[in-house]
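Student: Could we go through this structure together? I would like to learn how to read it.
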Amino acid sequence: MSTFLSIVVPVYNRPDEIRELLESLSVQTFQKDFEVVIVEDGSSDSSEDVVKTFQDNLAISYYYKANSGPGDSRNFGMQKAKGNYYIILDSDCILPKQYLTEVDKELEREFVHCFGGPDAADASFTTVQKAINYVMTSFFTTGGIRGGKKSVGKFQPRSFNMGISKEAFEKAGGFGRIHPGEDPDLTFRIWKAGFDTRLFPHAYVYHKRRIDWNKFYIQVNKFGMVRPILNLWHPGTARPTYWFPTFFMLGLCVSLVLALMGILLPLVLYGFYFLLLFVDALLKNANLKVAILALFAALTQFAGYGIGFFKSTILLTFSKKEPEELFPKLFFKKK
């Protein structure tokens with residue numbers, strides 16, 4: 001299949017981020033034509049002037065629309081795009097020079113209607129960004145679900161670095177209104193439409209999350225609340241591993257109580273896990289501070305996700321209300 005790539009990026013009050021992303025797009029080694037579609041999602045801090053500065057270097061278009069969330073903005077951008085294969089990126093991503101070349105190489109080698117790529121930490125990232133990036137991508141914390149070469153279960157692309165053919169987009173119906181969770185929801189519908197997904201391991205991005213510890217907790221807590229909703233919508237996709245953060249935190253609390261009673265073995269086992277996590281983070285980042293912060297990030301991740309998952313599961317199981325009534329903040333309103 002001959003592909004013409006359209007890069008679709010929703011942006012909300014992040015002109016500086018868009019500048020960095022467009023700078024990385026303007027120096028790609030890719031020799032074929034491609035276009036960039038920027039969708040301003042009701043921002044008060046416009047990116048239009050930034051986009052204009054790249055018009056001589058990139059085939060770029062800019063659209064402003066009322067705020068309706070990243071999923072709907074991606075759909076809008078794909079509807080406006082001229083290509084037959086879309087690459088969805090978050091505005092806080094920076095691309096290595098070979099990114100588009102690697103995508104094209106994978107599509108030429110073995111075409112797939114939907115792919116996902118990993119995220120990595122650039123050397124310029126702060127220690128907190130590197131620690132959070134580690135726990136979001138490590139096999140020992142997320143099971144590699146966000147783009148590791150080793151992953152638990154079938155690979156589910158994430159919308160910070162995701163490709164989808166025009167055919168698959170139209171048949172699956174695009175992104176829904178839930179957020180977060182709009183990307184696995186779309187992936188499940190892509191599978192149901194008869195298309196496959198695949199990891200492109202070398203098509204990685206530098207995902208420069210502008211985040212602090214409080215925002216990180218809120219983010220992973222929402223991830224936890226969303227997962228039972230997806231399990232409800234897509235029976236058969238639920239996995240026992242989704243319970244891991246909940247049971248991990250419950251077990252840690254029990255281990256601390258048992259330690260006060262003189263029973264140390266459970267807490268020692270947790271100590272071995274954290275030692276393994278620390279050593280792995282140290283080897284991957286070659287930075288002692290990042291490795292230490294990775295332990296705190298892992299605890300934040302497990303606590304936030306585990307509490308959110310448990311709360312959502314209980315409410316969905318025992319309430320007669322629809323998910324949108326129970327969790328209105330997880331859904332963007334229809335426009």
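Tutor: Let us begin with a term. A residue counts as buried when its relative accessible area is under 20%, as exposed when that area is over 50%, and as partly exposed in between. Please also keep in mind that this is a predicted model.

Student: Is Glu106 buried or exposed, then?
Tutor: Glu106 is buried, because its relative accessibility is 10% and the cut-off for buried is under 20%.

Student: Which residue forms a salt bridge with Glu106?
Tutor: Arg109 does, and the closest N and O atoms of the two are 2.8 Å apart. Both residues belong to helix H4, which covers residues 99-109. They are 3 residues apart there, about one turn of the helix.

Student: And is Arg109 buried or exposed?
Tutor: Arg109 is exposed, because its relative accessible area is 57% and exposed means over 50%.

Student: How many salt bridges does the structure hold?
Tutor: The structure holds 16 salt bridges. One of them is in helix H11, where Asp280 and Lys284 lie 4 residues apart, about one turn of the helix. Their closest N and O atoms are 2.6 Å apart. Asp280 counts as buried because its relative accessibility is 12%, whereas Lys284 counts as exposed at 58%. There is also a network, in which salt bridges with shared partners join Glu106, Arg109, Glu110 and Arg198.

Student: What about Arg189 and Asp185?
Tutor: Their side chains also meet in a salt bridge, at 3.1 Å from N to O. The two residues are 4 apart in helix H8, residues 182-192, so about one helical turn separates them. Asp185 is buried, since its relative accessibility is 6%.

Student: How many residues of H8 are buried?
Tutor: Of the 11 residues of H8, 9 are buried, so the helix is largely enclosed by the rest of the structure.

Student: Where do Trp243 and Phe309 lie?
Tutor: Trp243 is in the loop between helix H9 (213-233) and helix H10 (244-260), while Phe309 is in helix H12 (residues 288-318). The pair therefore ties together parts that are 66 residues apart in sequence. Trp243 is partly exposed at 28% relative accessibility, whereas Phe309 is buried, with a relative accessible area of 2%.

Student: Which residues form an aromatic cluster?
Tutor: Phe244, Phe248, Tyr270, Tyr273, Phe274 and Phe302 form one.

Student: To finish, what is the overall picture of the chain?
Tutor: The protein chain has 13 helices and 10 strands. Its radius of gyration is 20 Å, close to the 20 Å that the globule rule gives for 335 residues, so the chain is as compact as a globular protein of that length. The C-alpha trace spans about 70 × 50 × 40 Å along its principal axes. Of the 335 residues, 53% count as buried.

Student: What share of the accessible surface belongs to carbon and sulfur atoms?
Tutor: The accessible surface comes to about 15,800 Å², and 59% of it belongs to carbon and sulfur atoms.

How values were computed
Residues are numbered from 1 along each chain as its sequence is written. This is a predicted model: local features need pLDDT of at least 70, side-chain atom pairs count only at pLDDT 80 or more; totals for chains, interfaces and linings use all residues. Side-chain values use heavy atoms; hydrogens and water are left out. The radius of gyration is taken over C-alpha atoms; the globule rule is 2.2 Å times the number of residues to the power 0.38. Buried means under 20% relative accessible area, exposed over 50%, partly exposed in between (1.4 Å probe, protein chains only). Accessible areas come from the Shrake-Rupley method with a 1.4 Å probe; for residues, only the protein chains shown count as cover. A salt bridge is a side-chain nitrogen of Lys or Arg within 4 Å of a carboxyl oxygen of Asp or Glu. Rings of Phe, Tyr and Trp (its six-membered ring) pair if their centres lie within 6.5 Å; planes under 30 degrees apart count as stacked, over 60 as edge-to-face and the rest as tilted.
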